[in-house]
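Hi everyone, thanks for making time this morning. Let me put the model up on the screen, and then I'll walk you through some side-chain contacts.

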Amino acid sequence: MHKILILGGGFGGIRCALDLEKKIGSKAEITLVDKNSYHLFVPALYEVASAYGLKQDPFAIRLKKTICIPYSDIFSAKKIRFIQAEIFSIDVENQKVATRGGEILDYDYMIIALGSQSSDFGVPGVKEYAFSFKSLENGLALNQKINELVFATQREGDVKSEPINPVVDFPTATKSPKEFRKIHYGVKIAVIGAGFTGIEVAAELTCCVKKFTQARGIKGRCERVLLIEAAPKILPMISDKERIVIMERLTRLGVEVTEGAAVEEVRSDYIKLKNGKTIDVDLVVWTTGVKPLDILKNLPSMSLAGNGKIVVDDSLKVAGLSNVFAAGDNVEFQDQKTGRLVPALAYVAVEQGKIAAKNILRSLKSDKLVSYNPFFDVWIAPVGGKYALAHLWGGVNVKGFWGWVIRELVDLKYMLSILPVKAAIALMWQEITLFIKND
Ligand SMILES: Cc1cc2nc3c(=O)[nH]c(=O)nc-3n(C[C@H](O)[C@H](O)[C@H](O)COP(=O)(O)OP(=O)(O)OC[C@H]3O[C@@H](n4cnc5c(N)ncnc54)[C@H](O)[C@@H]3O)c2cc1C
């Protein structure tokens, strides 16, 4: 019996496993390995960071359930073996994979779908002082920190209620909690990197902080959310019209966007820009992008691109290896039609997972492999509360509440593709009822 080993149970790995199981079921041994016991639904991570009401759920059980989908639910009644283990090394010459616990797994075919990790782009202080935004732990820690910061601000009447002048910075917060309470006028959060993730995080944090401050009985505006982008414009790949829609929404929410400002250094209570300006902040959220996992660096037989991603051919077969495929964020793929690199997106990983599964089935039958034709001209940008801008097929835009509805439907479609109908609907219901609390 052929052994098929899937590394990583993210969007690419799960799709590949389920498609293979559907087509060959018990005729092959399909094993999926992931370090977690759950599939993290990353696109809703910003909702976890900004969720309101965590105090009533100190172990965050409800929150975790909304974005952590247990593999036991996804693979129940499927002929897929799941192993919870961290991949430690991959030996493609001998077709073996070692886990950190010392288990050795062998394979006839393998799919590498290990995703990516946050990148600090070498900026000093990011690792030490900034909150990254990639894992469940990151989302929960950020939520906790915001709660703490709001708690440290003054009570009703002490907070300045007149509109904030964005040109004049707040006084610097000192280290002493007493001093902090005395002179601190509000929570100042800097989100660094205005890609889709930075935008959704900054927008949603304004809603979240408002809820926290209301609950504390604080009157007037108690937060400033700064969104800082190094490029001359946010989201350079979208049209000017779309950018204006997003900017207007951010401004309405009170997010202060600065473009063309690269961060040079991050410290515990300030950030320094390359233009020499220093901004005092209470909290830095780092959302500038992702990079491939370090584990890939130790694979001498694997062809890696300059950015460290795995080089694959049109069929997603890893260059130079006949029985190893790759899918998702860890893949470098250039769209031949446009010359653009395929972006790291969940639905791209799903499509690649499907192609990898198809091509393993074809390899088993010695059939010609199919090519992956990337399509990534559809996106949805949630911008705080029940508001999103959706860019659909043919360039059609839907904004506002209906954009948000489309986003929820897309999420539901995904849940239905990996879970039984009842479980998928129940999960979406839980998500919506919990996440709209801060809108
Ligand atoms: C905050 C945020 C918001 C996003 N929002 C969107 C969005 O709205 N829409 C969209 O399309 N995309 C979005 N993305 C991008 C999207 O999440 C990724 O492109 C997608 O998750 C990639 O899928 P993947 O299968 O390649 O990797 P992942 O989904 O990251 O899965 C990789 C899996 O590998 C496992 N793993 C990693 N290392 C090891 C190891 N050593 N041993 C064992 N297991 C390991 C991980 O636990 C994980 O389960 C967002 C990303 C982030 C960070």
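**Side-chain contacts in the model**

Before going on, the ground rules. This is a predicted model, where local features need pLDDT of at least 70, side-chain atom pairs count only at pLDDT 80 or more, and totals for chains, interfaces and linings use all residues. Residues are numbered from 1 along each chain as its sequence is written, and side-chain values use heavy atoms, with hydrogens and water left out.

Now, how many aromatic pairs does a search of the whole structure find? The search gives nine, counting rings of Phe, Tyr and Trp (its six-membered ring) whose centres lie within 6.5 Å; planes under 30 degrees apart are stacked, over 60 edge-to-face, and the rest tilted. Phe333 and Tyr372 make an edge-to-face pair, with 4.9 Å centre to centre and 70° between the planes. This pair links distant parts of the chain, 39 residues apart: Phe333 sits in the loop between β22 (331-332) and α10 (346-364), and Tyr372 in the loop between α10 and β23 (379-382). Helices (H or I, at least four residues) and strands (E, at least two) are DSSP runs, numbered from the N terminus. Elsewhere, Phe11, Phe41 and Tyr414 form one aromatic cluster.

On to charges. There are 14 salt bridges, each a side-chain nitrogen of Lys or Arg within 4 Å of a carboxyl oxygen of Asp or Glu. One of them joins Arg407 and Asp411 at 3.3 Å, N to O. Both residues lie in helix α11 (residues 401-418), four residues apart, about one turn of the helix. Arg407 counts as buried because its relative accessibility is 10%, and Asp411 counts as buried because its value is 5%.

Salt bridges with shared partners also join Lys233, Asp240 and Arg243 into one network. Asp240 meets Arg243 at 2.6 Å, N to O, and the closest N and O atoms of Lys233 and Asp240 are 3.6 Å apart. Arg243 and Asp240 both lie in helix α9 (residues 240-253), three residues apart. Is Arg243 buried or exposed? Arg243 has 8% relative accessibility, so Arg243 counts as buried. Lys233, at 40%, therefore counts as partly exposed, and so does Asp240, at 45%.

Note on methods:
Buried means under 20% relative accessible area, exposed over 50%, partly exposed in between (1.4 Å probe, protein chains only).
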